[in-house]
Amino acid sequence: MADPQEVPAPTGATPGGMDTILNVTAAMLAQGPRAVIEQVKVLRSGGVCTGCSLGMCGTKDELGEFHLCYQGLRRLGESAFPPIVSKELAHMDRLRRMSSAELSRLGRVVYPMIAEEGSQGFEIVSWEQALDLIAAALARTAPEQVSFYVSGRSSNESIYVAQLFARMLGTNNVDNCSRYCHAPSTYGLSEVFGTGSGTASLEDLDAADLIFLIGSNAPGQHPRVLSNLARARARGAAIVVVNPIVERGLVRYSIPSSLKSILFGSRIASHYVRVKVGGDIAFMQGIVKWLAENNGLDRDFLHQRAEGWAALESAVRATPWEALVESSGVAREQISAVGRLYASASRALAMYCMGITHHTYGTENVKMVCNLMLARGNVGKPGAGVIPIRGHSNVQGSGSMLMYPAVKEEMIRRLESRYGVTLSKAPGLKAPEMIERGARGLTRLLYMIGGNLVDASPDTSFTEAAMRRVPILVAQTVHLNRSMLLGNKMTVVLPAQPRHEQEGGGSTESNWRQVRFSPQVLPPKGAARPEWWIFVQLAERLAKLGVRGEWLSKLSFTGVADIQREIAAVIPGYEGLPGLKPGETLRVGGRSLHEGGRFPRAGGKARVFAVRLPDNAVPPGKFALITVRADGQFNTEVWNDRDKLRGTKRRDVVHLSPADAARLGVAEGAAVIVRSSAGQARVVAHLADIREGVCAMYFPEANRLVPFSGGDESTATPNFKGTVVEIEPATARRALATAPGVESA
Ligand SMILES: Nc1nc2c(c(=O)[nH]1)N[C@H]1C(S)=C(S)[C@@H](COP(=O)(O)OP(=O)(O)OC[C@H]3O[C@@H](n4cnc5c(=O)[nH]c(N)nc54)[C@H](O)[C@@H]3O)O[C@H]1N2
Ligand SMILES: Nc1nc2c(c(=O)[nH]1)N[C@H]1C(S)=C(S)[C@@H](COP(=O)(O)OP(=O)(O)OC[C@H]3O[C@@H](n4cnc5c(=O)[nH]c(N)nc54)[C@H](O)[C@@H]3O)O[C@H]1N2
Ligand code: SF4
Ligand SMILES: [Mo]
């Protein structure tokens, strides 16, 4: 194992730079002049990017700096697709043979349509027909058998109305894509600090002396922060990357907006720690142990501003170094070296992503990140804090708008007093529970507001079968995906307006808690409607059918301004939303949360959890499989097969270390079979700079290998990193028995 002081030598061409510029240009040109004109209009409007959570407005970021990225433009390009040709919709059998990527390339969904069980294809219907059918289905289904899921792409206004509609209907079965993502952060941070948001802001990256970047491939998934990381490194800050894979873009990256960086590249990691999968708790406990043994703790802060530290400290002091080294996979000297480095930093922050949350112990991981920062008082001051890097462009807003199943009772009370109703306080279902109950015939109507649950969830065969058993499926979308072709008793697909087409505009909240307003820039396509309007229409119909009439009639909003007034009255921090203009920012909670170490918990202190070492051992000869995304995809939307950052041109690969490949007797490009308890895949080996005993494959294809059970114990977030698999060469005989591609066991 390399010394953590030693960052691996850069290999191959530096990612980013001219390559990104060429990709961005090619991506725009490939979409044709009309799409380019649309994109330029959207970018000039200052509307918020529909890509990741960093929340760029047009071409400007939070600090007013110029930034454009490939996936941001590709996401925009998707909504610029011309309308789907209606004859394509008539052949369900052909549609079912397509991947979600091919389905999205068919074009924009611009009319409501329905498919009934056994029908040959989709039938285009009027809004009246579609809404009547959905209202009638909702009216005859028990509220506890109805579930709503939001993929954080919609506006705050639409999401607020969606959750209100569900609660008025009588169910708390509302959830959002953070269940698959950062729910362990929201839950873990609120347990520790009293609120579930990241505590720092983008400008804090410019003020930190030390940045931990744990379980994130930011160059591919959050390229904007690379400018700040490169800048921090250039001014001498330490950047400790913790990751079982040597992600090339985290060693050296070329910032496309800097000529110097294009020419010479920018160094990112100052220390690269190749932990075992799930080794983060042990690694961080090791740092805490070193700090405790070497007078490196901020005792005053821990005494005055935290509770429960003694239990953690005595547990880590009592844990032998051998156990920490074994579980983390990092040598004691290396852990100590990072401990020493951390002790010398006066302002440190920790940023992390799915390498932390996608585990059975995801919430424990998050709590340990908080412990690490509390250990030296690194919360609530500039240049310090805990930053979960969120996924979708409005996943943060989805949480703020209460689109999750177990909101605090205080928030339910606020809704009750605003609308004069009595709502259920019982927790609703989490997204995987909605699916699991589908398998048991207990979810009778599943309503997806964006998203693609079939491709995004673990154990694809189980999920597909479970979702097929749900009689009514409703999807608000901009294009088709595999979740809409299951052959349910009735599937209703509704054309949604993406945010830059949304009549009246709409707001979102970024990773940095910045609320911004995106104006309507483009005319809506075809019959697409604002997503909030759909719920207002359904509420009206249900009221007419005599279902919760008195309550649902309160959803008679006529425009965005009406809804913003409601949000301002109900959601703390959103008081300034009404009238927010493009370019203006409403920052929820200010630059750093918990300033001066004041935490919104009873007693005002942060809570330290004595997190236990997880069981991350892998039986000899087997591998821990991590499922990752490439820069050529945005979740289940795959644009092309390449992963430029990791140097592959195909997606049916398993990344393996050269030593493991040699042990298995396979060379680059050799066919192998990867087998888990859930399924198996025939893919080819790709030799990569990855820790021995670890292998990586691409999601969504690899989801067939991830068991459905075994998610995070506190939040049910699936365990997408760390499935135990075995790998063997696909010999001629076995190859015959195993069709190419990914299949179930
Ligand atoms: N281009 C693009 N951008 C995106 C997305 C996309 O699909 N495409 N998706 C968006 C969404 S929804 C999200 S949530 C984010 C996801 O952003 P990321 O979390 O960066 O994406 P992942 O591909 O899940 O990569 C996880 C990283 O964690 C590492 N890792 C895996 N297991 C462990 C572990 O046990 N410990 C540690 N320390 N590291 C580990 C992996 O090697 C990998 O580098 O990206 C967002 N941005
Ligand atoms: N194995 C494995 N599985 C994973 C992950 C992993 O790392 N490994 N990552 C997980 C993570 S972090 C996440 S967040 C989930 C993602 O889970 P989801 O949010 O469910 O999936 P997406 O692919 O983001 O959703 C794509 C669909 O959203 C719809 N859509 C696109 N744009 C719009 C719009 O503007 N409006 C509306 N209404 N709809 C739109 C389209 O139907 C599109 O097909 O996947 C998870 N699954
Ligand atoms: S980094 Fe994220 S927010 Fe910024 S342009 Fe790229 S996808 Fe959009
Ligand atoms: Mo995500």
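Contact here means heavy atoms within 4.5 Å; helices (H or I, at least four residues) and strands (E, at least two) are DSSP runs, numbered from the N terminus. Axes are lines fitted to C-alpha atoms, for helices over the stretch in contact, with angles from 0 to 180 degrees between N-to-C directions. The model is predicted: local features need pLDDT of at least 70 and side-chain atom pairs count only at pLDDT 80 or more, whereas totals for chains, interfaces and linings use all residues. Residues are numbered from 1 along each chain as its sequence is written, chains are lettered from A and ligands numbered from 1 in the order in which they are written, and side-chain values use heavy atoms, leaving out hydrogens and water.

Strand β11 (residues 348-352) is joined to β12 by four bridges, and the two run parallel; leucine 349 has glycine 385 of β12 as its bridge partner.

An open sheet of seven strands shows mixed pairing in the order β2-β1-β15-β14-β13-β3-β4. Its edges are β2 (123-124) and β4 (174-176), each with a single partner strand, so one side of each is left without a neighbour in the sheet. Four bridges connect β1 (residues 113-116) with β15 (residues 490-495) in antiparallel fashion, and methionine 113 stands opposite valine 493 in β15. Helix α6 (residues 127-140) lies across β1, β3 (146-150), β13 (445-449), β14 (472-477) and β15, running at about 130 degrees to β15.

The residues around ligand 3 (a heavy atom within 4 Å) include Cys49, Cys52, His67, Cys69 and Arg224.

Most residues other than glycine have a negative phi, and most peptide bonds are trans. Histidine 594, in the loop between β18 (586-587) and β19 (606-607), has a positive phi of about 65 degrees although it is not a glycine. Phenylalanine 699 and proline 700 are joined by a cis peptide bond with omega of about 10 degrees; proline 700 lies in the loop between β26 (694-698) and β27 (721-729).

Note on methods. Pairing = 2+ DSSP bridges.
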